Amino acid sequence: MRLVCLLSVLAILGYQQGSSQSPYFKLITPGSEHEGLKYTALMCDRDGFLWIGTSAGLYQYDGTSFQHYILDSSAYGNEFTALAQGPAGAIVAGLRSGAIATLEDGRLRLDEPEEGFPAKAITSLAFGTDSILWMATAGEGVYFQKDGRYYNIDQDDGLNDNYTYCIMEGPDGEVWIGSDQGIAICRADENQKVKRQIRYADGLPDEIILDLKMVKGRVVVATQDKGLCLIQPGQTGVTRLPSMKAWPFGAAHRVVAGPGEYWIAGGNQGLFCIRGEEARPLRRFQKVEGRQLTAVRDLVRDRDGGLWAVSGAGLVYTPGNQFNFLTEVPGFPLSDIDAILCDREGRIICSPGQGLLILQPGQEGFAVKRVSVTDNDSQIDIVSLFEDDWGFIWIGTLGGGLYRMNPRSLQVRPVIGFPGGKSATILAINGKGPGLWLATFGGVVRLKMDGPPDRDHIQCFFEVADAAGDLGNYYIYDVFIDSKGRTWFATDGRGVVYFDGRRYRTPADLGALNDQVVYSFTEDSRGRIWFSTAQSGVYSLDDGKLKNYGLSEGLREPAVSALSFDGHRHIVMVHRSGIDLLDITSGEVSYHGADHHLDNLNPDLNTLSMDRNGNLWIGVEQGIVVYRPGMAPVRRGLRCVIRRVTLLADGSAVADGAVLRHDQQDLSVEFSSVAFTNAGRVVHEYKLTGYHEKWIATSDNRIIFPNLPPGYYVLEIRGSGNGQFALSDIAKHSFRIQAPFWKRLWFQLCFVIVVSTLVVVYLRNRERRLRHMEALKKEKIEYQFETLKSQVNPHFLFNSFNTLVSVIEQDRKLAVEYVEMLSDFFRSVVGYKDRELITLQEELDLARSYYEIQKKRFGAYLVLNIDVETRHLSGQVPPLVLQILIENAIKHNSTSSESPLTIEIYTVEGRLYIKNNLNPKKTLEPSTGTGLQNVRNRYQLLSSQKVRVDRDEMFFTVSIPLIGN
């Protein structure tokens, strides 16, 4: 033992400084046919597309292909130096010549201001309040476009300098302008354009302002010689960043803020990154793919958090510091990391090959120590590391036994008494207090320390746990203790087993587990247990409910070596193809592989550890990957954009909602989903409602619809990079194809009407030739009269039967009387059916009988008052005319206790009046208007006097003549 300790001390190397984590960079160019471009401007639009201004036109990039746009006229050149997106989505571009162009419907057109364009280059564009476009120029101050006109602000208006570099919309609708003489705050106010200036006297360290950005309520200012500073709008004073106290790198052309960091475009000095606002050192990047980074002039972040820069080397992309790679430290290459641990002191302890390396992060990189575990580290592989409650580091080996390291002296001692001795394998270690769980090839061993656990020399007692139970002698790959104090075991063949403090259990729902080989555990913020398997992806276990996430749910690989919860919203899954992040809220999976330099990781089991800052350190074959969860963007699926819809015949655009002719049936649709990472995995689905209702998958970015039949269509397209479309935005485009005029309804109706009319005319003429006109007229009149007599509304018959049913159930005697009344009434109707006229006395008797029948339905809420002079009773009327008018009043008016219906029948000057109060029903009964028209038509055949109808707000009155009176 003494020999081992002595060898360990002698093997400890002095701390060595240097090496740091680096993000991944790559160059992207439009292609060999576009070589020699000068890149001048960048912008990411609201759909996620990247726009690049160059010396030879404007480029749009979606992660897969470039679209090139140039002006139709070359009079103003094609070098674009500034970009912005308007409120309606149009792309506005400024040129070095001073011209302004707008891209709409796939065409780049010059604006045509009455005042003409500026004569100096456009250096920056921004839209302010009320959609006003602001333009900074290199020598003419700034312009703003309002109501179709250009207005200038220069030194004559109080601007501090005419050479301006940048424009930013600030709070309260004000516009901040950076120039050679500080900052000017302006408004589109013709009376007072410049509101305020910020210069040396206000604390600016440098008055040449190259860029301005609003970040979390503060303005970040990039200067010519002094790096960055911060301004709080509405407050006095300027704040210098501690890391900017000595800035020797010249111009900070552009600045982009990200989660806890700033990136700076440093021209010929390269790219710079500042982590936070503390006095941390700058990180400088001068090369990408072996090429020198020069002329870095513009920067922008995409919607996934990736960083883009234009430089002399081309278009540069980096995913930033979300993932960093550490491949070596001074004197020690980092590869084949079998175990990794972040301890409470902030150190990273790892095992690259044999032995241990202890990395202490510092301002200038890492301080490194090499620690030997045995006198011959080349013969031992360290596969597990664990820090106990007293800070001691437990070291598990592959066939080399168990060891314990003092965190202060770094002395390593073997643990005596472990089952299997020096040849034992310990795959995982976990525990609390003086008790530990040790995972082995032959089940689980429980360890308990006897004596002070914070001393080098301790006595350990071991027992094999549950040898005859659920755990048995299976391989145990991981041991995990959850927030409820339960201990979980990942087995090779038994699935998942947990210990609740009293006994070992298998979750009840695990009968649905497709793979019994489990590798790793973690727990999310909701208390759900997650575990990875050898062939079925990962599972979540929530209150006994099991849910699987495999290939069909978006995972790239079914074998997940290690997983961990990142403390925010993602389950981090490490496998041979890279790292997948599973959003526990939405279920979306995002990929990080070749586009982040994370492919072919080939990680060992459980090689993840979280440091005290919440960063995950992942040991892989090539070194160590550092994942910073706070920088992971909140993803919401891919956004698909329909670039254009055109007619195949002539290439003309088809606008959304367009109406096409019947011969415009062949359409071409071009679309794209922005994906700057894993773009090769993007697939789309589309459906054309009105033609087919099913989603159809396609790997192309163009669809041809030939020979579409007439109809209304809605095209829907969505994209996904992981085969899951539920969260993807759907792009829609609608259009209508008209039918030819001979197939349209109006033409067919007109045709039927014309043909029918001709047929009727022909038949009538033929009938006139066969019959005598007078005989036809008499027969026609008689036929019409007989028809009118028979048009008595039968509704009262059905209503009477309904009333009869109700009366029978309530009073059988009354029902008999009611039937007798109906019988008398219909006997009278039958008696009068062949007569053209009856006396008013007879008609009133019929009306009273009808009223008594209806009285059974409505009771006291229906009132009939008859006031007819005796001398008029001998007058004549068509039979049943009063019944029709009474029925009409009942049909169209409410009859209830709240609104009784009163009908009055009286005579005035030889005419009979039927009058009722108006109580219109809220829900009107269906009416054809036959009743009242029947009365009119019958009188038209019998008398020259007409029927009169009067209506006001309170009463409805019908007056009919008395014939022969």
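In this predicted model, W488 lies in strand β47, which spans residues 487-491. The relative accessibility of W488 is 2%, and the residue therefore counts as buried, the limit being under 20%. Apart from neighbours within four places in sequence, W488 is in contact with D478, V479, F480, D482, V496, V497, Y498, P507, F521, I529 and L541. With one of these residues, D482, the side chain of W488 also forms a polar contact of 2.9 Å. E588 stands 100 residues from W488 in sequence, and the two C-alpha atoms are 26 Å apart in space.

When neighbours within four places in sequence are left aside, the residues in contact with G578 are R556, M573, H592, L598 and L601. The C-alpha atom of G578 is separated by 8.3 Å from that of N602, a residue 24 places away along the chain.

Several buried residues are found in loops. P23 is placed between α1 (2-11) and β1 (26-28). With a relative accessible area of 7%, P23 is buried. The contacts of P23, not counting residues up to four places away in sequence, are with W263, R283, F285, T318, G320, N321, F323 and N324. Between P23 and S959, which are 936 residues apart along the chain, the C-alpha separation is 98 Å.

T374 belongs to the loop that joins β37 (365-371) and β38 (382-387). The relative accessible area of T374 is 13%, and the residue is therefore buried. Its side chain reaches the backbone nitrogen of N376 at 3.1 Å. Beyond four places in sequence, T374 touches I380 and Y403. S943 sits in the loop between α8 (930-942) and β74 (948-951). At 17% relative accessibility, S943 is counted as buried because the value is under 20%.

Two further loop residues are exposed. D543, in the loop between β52 (538-542) and β53 (545-549), has a relative accessibility of 70% and so counts as exposed, the limit being over 50%. E909 is located in the loop between β72 (901-908) and β73 (911-917). The relative accessible area of E909 is 76%, which means that this residue is exposed. Phi is near 55° in D543, a positive value in a residue other than glycine. Phi of E909, likewise not a glycine, is positive and near 50°. In most residues other than glycine, phi is negative.

Helix α5 (residues 812-831) packs with α6 at an angle of about 150°, and the axes of the two helices are 10 Å apart. Because this angle is over 145 degrees, α5 is roughly antiparallel to α6. The crossing of α5 past α6 is left-handed. On the α5 side, the contact is made by L814, Y818, M821, L822, F825, S828 and V829, and on the α6 side by L846, S849, Y850, E852, I853 and K856. The contact of α5 with α6 comprises nine nonpolar, two polar and two charged residues.

Helix α6 (residues 840-858) also packs with helix α7 (residues 881-892), at an angle of about 25° and with an axis separation of 8 Å. The angle is under 35 degrees, and α6 and α7 are therefore roughly parallel to each other. In this pair, α6 passes α7 in a right-handed crossing. The α6 residues E843, L844, A847, Y850, Q854 and F858 meet V881, L882, Q883, I886, E887 and I890 of α7. By class, the residues of the contact of α6 with α7 are eight nonpolar, two polar and two charged. Y850 of α6 takes part in the contact with α5 and in the contact with α7.

Note on methods:
Residues are numbered from 1 along each chain as its sequence is written. This is a predicted model: local features need pLDDT of at least 70, side-chain atom pairs count only at pLDDT 80 or more; totals for chains, interfaces and linings use all residues. Side-chain values use heavy atoms; hydrogens and water are left out. Axes are lines fitted to C-alpha atoms, for helices over the stretch in contact, and angles run from 0 to 180 degrees between N-to-C directions. Helices (H or I, at least four residues) and strands (E, at least two) are DSSP runs, numbered from the N terminus. Angles under 35 degrees count as roughly parallel, over 145 as roughly antiparallel, 65 to 115 as roughly perpendicular and the rest as oblique. A crossing is left-handed if the near helix is turned anticlockwise from the far one by less than a right angle, and right-handed if clockwise. Contact means heavy atoms within 4.5 Å. Ala, Val, Leu, Ile, Met, Phe, Trp, Tyr, Cys and Pro count as nonpolar, Asp, Glu, Lys and Arg as charged, and the others, Gly among them, as polar. Buried means under 20% relative accessible area, exposed over 50%, partly exposed in between (1.4 Å probe, protein chains only). A polar contact is a pair of N or O atoms within 3.5 Å; within protein, one must be able to donate a hydrogen and the other to accept it, and residues adjacent in sequence count only if both atoms are side-chain atoms.
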